[in-house]
Amino acid sequence: GVEGVGARDYVRGAVAAEMPALYHPEALKAQAVAAYTYAVRQALAQRAAPDPALKGADFEADPQNARRWLSEQKARELYGDRFDLYWSRVCTAADQAGQYILLYRGQPAATAYHAISAGSTEDARYVWPGGGQPYLTAVESPGDLLAAGYQSTAVFPAARLRSILEAALPGLALPADPAGWLAVKERSPSGYVTRAAVGDQEVTGLRLRGLLGLRSSHFQVREAGGVFTFAVQGYGHGVGLSQNGADYMARQGAAFDQILLHYYPGTVLALSSAGG
């Protein structure tokens with residue numbers, strides 16, 4: 001069903017859902033502005049061209065799975081006995097940031113964000129068809145290299161990889177030697193895989209990431225003895241604000257507006273007319 005949520009409660013719940021409560025307050029504020037701006041942009045788009053599936057709501061969130069938005073009650077369950085501390089951190093950031101919106105040429109920006117970049121964020125045009133924006137370009141995010149989850153490894157025995165690929169790609173022909181099954185064909189300037197050869201077919205790096213459940217499409221793959229090993233950097237699509245990078249910048253003394261203008265270059269932080 002459609003649940004009416006005011007702007008203030010939306011931003012609080014979005015920050016709770018999207019960023020660890022112990023991140024630096026300036027990072028939490030940057031996340032709050034990004035979430036609020038995204039919501040306003042969605043609402044405007046929805047009013048201009050309503051999606052009947054949303055039944056009059058501005059956008060979808062999935063509070064059960066802590067995606068995008070959490071109710072205070074769900075946050076209470078998630079935070080447990082640390083609720084008072086965590087919720088006050090989230091609310092302070094959300095309420096301070098709810099006064100601001102990020103604009104590009106006078107319109108709310110498409111404030112995409114992700115957990116950890118691969119050391120440089122990704123240009124949106126490599127991720128979403130027609131999704132390029134002058135402010136969603138690649139920027140340095142060196143703090144991400146220090147993140148606990150920066151490196152991950154995924155291992156697939158050849159038989160398992162074959163069954164995943166054949167199920168997903170009808171008519172796929174794989175050579176007898178597994179060494180010829182997979183090859184990275186092209187990377188974006190930030191190093192994310194954009195095109196990969198799979199046997200006699202070609203897929204995007206994002207499609208391969210999805211099929212194999214990799215944490216990002218910035219990876220290296222090697223095959224040895226019938227086992228494929230993917231060394232993966234970063235977590236998420238890499239576009240826009242890096243949440244870990246925002247926390248790192250905040251700990252180096254950056255204020256939330258500096259963080260936002262770093263990850264969304266060319267945007268302008270403005271006072272929100274809604275004001276909570």
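Helices (H or I, at least four residues) and strands (E, at least two) are DSSP runs here, numbered from the N terminus. The model is predicted, so local features need pLDDT of at least 70 and side-chain atom pairs count only at pLDDT 80 or more, while totals for chains, interfaces and linings use all residues. Residues are numbered from 1 along each chain as its sequence is written, and side-chain values use heavy atoms, leaving out hydrogens and water.

Let's start with the sheet. Three strands line up as E5-E6-E7 in an open, antiparallel arrangement; two strands pair if DSSP finds at least two bridges between them. E5 and E7 are the edge strands, each pairing on one side only. From one strand to the next, the twist averages 25°. E5 and E6 are joined by five bridges, and Val-184 sits opposite Ala-196 in E6.

| E5 | 182-187 |
| E6 | 193-198 |
| E7 | 201-204 |

Helix H6 (residues 205-212) packs on this sheet and touches E5, E6 and E7; contact means heavy atoms within 4.5 Å. The direction of H6 makes about 85° with that of E7, where axes are lines fitted to C-alpha atoms, for helices over the stretch in contact, and angles run from 0 to 180 degrees between N-to-C directions. Gly-205, Leu-208, Arg-209 and Leu-212 are the buried residues of H6; buried means under 20% relative accessible area, exposed over 50% and partly exposed in between (1.4 Å probe, protein chains only). Those buried residues fall within an arc of 105° seen down the axis of H6, so they line one face of the helix. That arc is taken from the directions from the helix axis to the C-beta atoms. Just after H6, Gly-213 has a positive phi of about 65°.

Now for H7 (residues 243-251): seven of its nine residues are buried, so the rest of the structure largely encloses the helix. The buried residues of H7 pack against H1, H2, E3, E10 and H8. Gly-253 follows H7, with a positive phi near 105°.

On to the nonpolar cores, meaning sets of buried Ala, Val, Leu, Ile, Met, Phe, Trp, Tyr and Cys residues joined through side-chain atoms within 4.5 Å. In the largest, with 55 residues, Tyr-79, Trp-87, Leu-241, Ile-259 and Tyr-264 touch the most other members. H2 gives this core its largest share, nine residues. Not counting residues up to four places away in sequence, Trp-87 touches Arg-12, Ala-16, Glu-72, Ala-75 and Tyr-79. Another core lies apart, with 23 residues, among them Leu-161, Leu-165, Trp-181 and Leu-208.
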